[in-house]
Amino acid sequence: MAFFGRNKAEAEETPLVLPKHVGIIMDGNGRWAKKRGLPRKAGHTEGARTFRKITRYCSEVGIKYLTVYAFSTENWKRPEDEVGALMKLFKSYLEEAISDFKDDDIVVRFIGDKSGFSPELRALMDENEECSRERDGMVLNIAMNYGSRDEIVRAVKSIAADVKSGALSEADITEQLISDRLYTAGQPDPDLIIRPSGEYRISNFMLWQSAYTEFVIMNKLWPDFQKSDLDEALRIYSQRNRRYGGV
Ligand code: IPE
Ligand code: IPE
Ligand code: MG
């Protein structure tokens, strides 16, 4: 039984409010490597290890949805060798993920524009989704070539096409309809977004979905992120008073 860093008595006194959906902006790999005099790609390798460890832990503690930001629509501007190293890393991780997350019953999904990736990577993404579809554990959304503005533009275009064809009328355009046209359709909005590396920005992550999300910024670089840091974020979240505009 996990008490998230609290002792048993504390845990019994104030029950933990567990977020249903957690988002993580996995940031700080480059700085982690730089601090050690290593190339940035060494930071990504270490960050990928952290990803595997923290994903498993989220599933263990009972999180129902986890969305990790792995590669943004803007990350293509990085030097060619860094992007190349990331693609190689994605490939080896996606190959392993097919069996890796099986024991944890994790459902793997990708959010973002898959068409930006090589046919080989796309096939691996499809295979991961296909073979985990029937599982009933935590849903893991891996955001790759994801940008929330791009996601919203796609949603608007698909709605515009339906209005043009007469399938929808202007009156049908509601907040729910827009949510239903995003990559996260059918999933609850994130309750908590954690950003390691100490940056206070959203960097094009889940803009629509995070209208009432609680943010926890942590001064730890992603490769250094431990299970105890997740405990800490969950404890902070648990103490927040969410008002949604009410009193
Ligand atoms: C996050 O770490 C990983 C990706 C964006 C792919 P960074 O590579 O952004 O690390 P910093 O922010 O430069 O330290
Ligand atoms: C956000 O981190 C994207 C991912 C973690 C995948 P960035 O490092 O790209 O964001 P900025 O440039 O600091 O805003
Ligand atoms: Mg960064």
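Which residues are the closest to ligand 1, and how many surround ligand 1 in total? The shell holds 13 residues, and the closest are Asp27, Gly30, Arg31, Arg40 and Arg78. A residue counts as near a molecule if one of its heavy atoms lies within 4 Å of it.

This is a predicted model: local features need pLDDT of at least 70, side-chain atom pairs count only at pLDDT 80 or more, and totals for chains, interfaces and linings use all residues. Residues are numbered from 1 along each chain as its sequence is written, chains are lettered from A and ligands numbered from 1 in the order in which they are written, and side-chain values use heavy atoms, with hydrogens and water left out.

**Ligand 1**

By class, the shell around ligand 1 has 5 charged, 5 polar and 3 nonpolar residues. Here Asp, Glu, Lys and Arg are charged; Ala, Val, Leu, Ile, Met, Phe, Trp, Tyr, Cys and Pro are nonpolar; the others, Gly among them, are polar. Helices H2 (29-35), H3 (40-61) and H4 (80-100) each supply at least two shell residues. H2 gives the largest share, 3 residues. Helices (H or I, at least four residues) and strands (E, at least two) are DSSP runs, numbered from the N terminus.

**Polar contacts**

A polar contact is a pair of N or O atoms within 3.5 Å.

| Residue | Ligand | Distance |
|---|---|---|
| Asp27 | ligand 1 | 2.8 Å |
| Arg31 | ligand 1 | 2.7 Å |
| Arg78 | ligand 1 | 2.6 Å |
| Asn75 | ligand 2 | 2.9 Å |
| Arg78 | ligand 2 | 3.3 Å |
| Arg195 | ligand 2 | 3.4 Å |

On its own, ligand 1 has 380 Å² of accessible area, and the protein covers 87% of it. Ligand 2 alone exposes 390 Å², of which the protein buries 78%. These areas come from the Shrake-Rupley method with a 1.4 Å probe.

**Ligand 2**

The residues around ligand 2 include Ile25, Met26, Tyr69, Ala70 and Phe71. Asp27 and Arg78 are also among them. By class, this shell divides into 5 nonpolar, 4 charged and 2 polar residues. Strand S2 (residues 65-72) gives the most, with 3 residues.

**The pocket**

Ligand 1 takes space in the largest pocket. Ligand 2 sits in the largest pocket too. A pocket is an open set of points on a 1 Å grid over the protein atoms alone, where a 1.4 Å probe fits, with protein on both sides within 12 Å along at least five of seven lines. A molecule sits in one if more than half of its atoms lie within 2 Å of its grid points.

Conventions. Polar contact = N/O pair within 3.5 Å; in protein donor to acceptor, adjacent residues only side chain to side chain. 1 Å grid on protein atoms, 1.4 Å probe; cavity = no way out; pocket = protein on both sides within 12 Å on 5 of 7 lines; lining within 4 Å.
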